[in-house]
Amino acid sequence: MRVFQKRRYCYILAWLALAASVGAVGLLGGREAGPAAQPEAPPAHKPVAEASPTASESRHTGLAGVWVPYMSLVGKEHTQEAFEANFRSIADSAKEKNFTALFVHVRAFCDALYPSKLYPWSHLLTGRQGQDPGFDPLEFMVSYTHSLGMEFHAWLNPLRVSTGETPAELSQDNPYLSLKDEYPYYFMESGSACYLNPAYPYIRTLIAEGAAEIAENYPVDGIHFDDYFYPTQEESLDAEAYQLHVETVESPLPLNQWRTANISAMVSEVYDRVKAANPQVKFGISPQGNLENDRNMGADVEAWCAAPGYLDYICPQLYYGFENETLPYTEALRQWTELYRCEGIELYVGLALYKAAGDTQEAGWDTGRVISQQIQEAQSAQCNGIILYSSAYLDAEAARQEVEGAVEALSGGIVGAE
């Protein structure tokens with residue numbers, strides 16, 4: 001009971017701090033702070049722009065990107081030479097096909113492909129999480145990507161600690177092992193997976209400081225989040241944190257709205273800290289293409305796009321064929337292009353190259369022309385660019401025709417590009 005009262009007291013202090021606009025509790029001073037209550041939904045707490053620009057007025061960057069997932073960075077040999085050779089091959093292939101940006105998974109499991117003060121070394125580098133590989137992979141990847149005239153965006157998974165057997169073993173300096181004994185409520189368990197709990201100011205700041213650490217120390221072009229937010233709608237996921245909210249706030253939010261407010265508070269803090277570290281670095285998010293799915297996992301993409309101070313671009317994963325029974329590509333694209341975006345927020349479109357390689361049972365992906373047609377529709381809709389998932393399929397024989405079509409569709413640049 002004494003522990004619960006302590007958490008309740010800290011929760012109230014955190015709520016009062018937020019209400020007084022002091023901001024989230026910092027890494028050094030607020031490890032015991034509970035989940036701060038958030039403003040009534042929608043949590044777009046920053047001024048909305050006067051008007052959304054028309055398509056002809058928007059500034060189109062013509063970005064043509066490729067995601068490089070952590071799986072593609074794993075080699076049989078855990079050496080610097082093998083890692084760098086593998087990445088050169090990935091970057092060279094993208095450059096040869098006239099792609100202009102790489103979105104590289106540099107923190108996938110609360111670990112890092114760079115020396116970090118907040119997260120342990122990634123297991124991808126040596127086979128063991130926390131073990132120093134003896135070189136700085138991020139420094140090399142950014143430098144080599146820029147030498148090819150391409151942008152480098154650091155892709156982070158904000159909440160994931162582990163899934164199943166990945167990583168096989170966590171290092172002692174992983175946030176989970178260093179915090180769980182004293183602050184078990186900082187984490188959420190779902191099946192065999194573990195996630196950081198964004199209800200708590202300390203955790204939100206940990207994530208934001210982790211993003212800022214990269215923006216400050218490396219000349220990256222962007223910080224990029226993927227679509228992993230709350231992993232399930234189950235009430236048991238974060239029941240204790242939500243109960244504290246209910247008991248300490250006069251007008252508590254419904255569970256999903258409360259979770260949504262937590263995620264939006266995290267996104268806003270990440271944006272602010274990244275810009276403070278380097279105003280030139282873009283911050284963007286790639287949510288799921290189905291808006292209802294985003295709402296269910298606490299991702300209020302409508303609020304993020306409608307107000308400044310959350311992100312610089314949005315890249316929905318429109319991983320649907322033209323014949324998709326639930327949400328055909330053309331309809332999904334229409335929904336996102338009609339979504340209100342305040343001035344300066346760009347719209348990229350994520351496309352499923354992996355499905356074009358045969359990794360799907362969905363009808364309509366066997367023509368060899370799906371990706372090129374989707375690019376053309378995105379161009380016609382005046383989108384700011386496209387990103388393909390993933391680099392693993394750029395040279396796959398099964399996807400050769402689709403890749404050739406994509407390159408041809410992009411050869412003239414995105415419609416409206418400067």
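Predicted model: local features only at pLDDT ≥ 70, side-chain atom pairs only at ≥ 80, totals over all residues.
**Entry 1: whole chain.** I started with the secondary structure. The chain has 14 helices and eleven strands. I then looked up burial. Of the 418 residues, 57% count as buried. I took the contacts between residues at least 6 apart in sequence, and 77% of them join residues at least 24 apart.

**Entry 2: helix α14.** I went to residues 400-410, which form helix α14. Which residues of α14 are buried? I found E402, V403, G405, A406, A409 and L410. I then looked down the axis of α14. The buried residues line one face of the helix, because they fall within an arc of 160 degrees. What covers them? The cover includes two strands, β1 (63-68) and β11 (385-389). It also includes the helices α12 (353-356) and α13 (370-380).

**Entry 3: the core.** I looked up the largest nonpolar core, and it has 136 residues. Helix α8 (residues 255-277) gives the largest share of this core, nine residues. V106 and M141 have the most contacts inside the core. I noted the general background too: in soluble globular proteins, nonpolar side chains tend to be buried together.

**Entry 4: V106.** I listed the contacts of V106, leaving aside neighbours within four places in sequence. M141 is one of them. D111, A112, L113, Y114 and L138 are also in contact with V106.

Terms used
Residues numbered from 1 in each chain as written. Heavy atoms only, no water. Helix = DSSP H or I, 4+ residues; strand = E, 2+ residues; numbered from the N terminus. Buried < 20%, exposed > 50% of the residue type's maximum accessible area, 1.4 Å probe, protein only. Contact = heavy atoms within 4.5 Å. Arc of directions from axis to C-beta. Core = buried A, V, L, I, M, F, W, Y, C linked by side-chain atoms within 4.5 Å.
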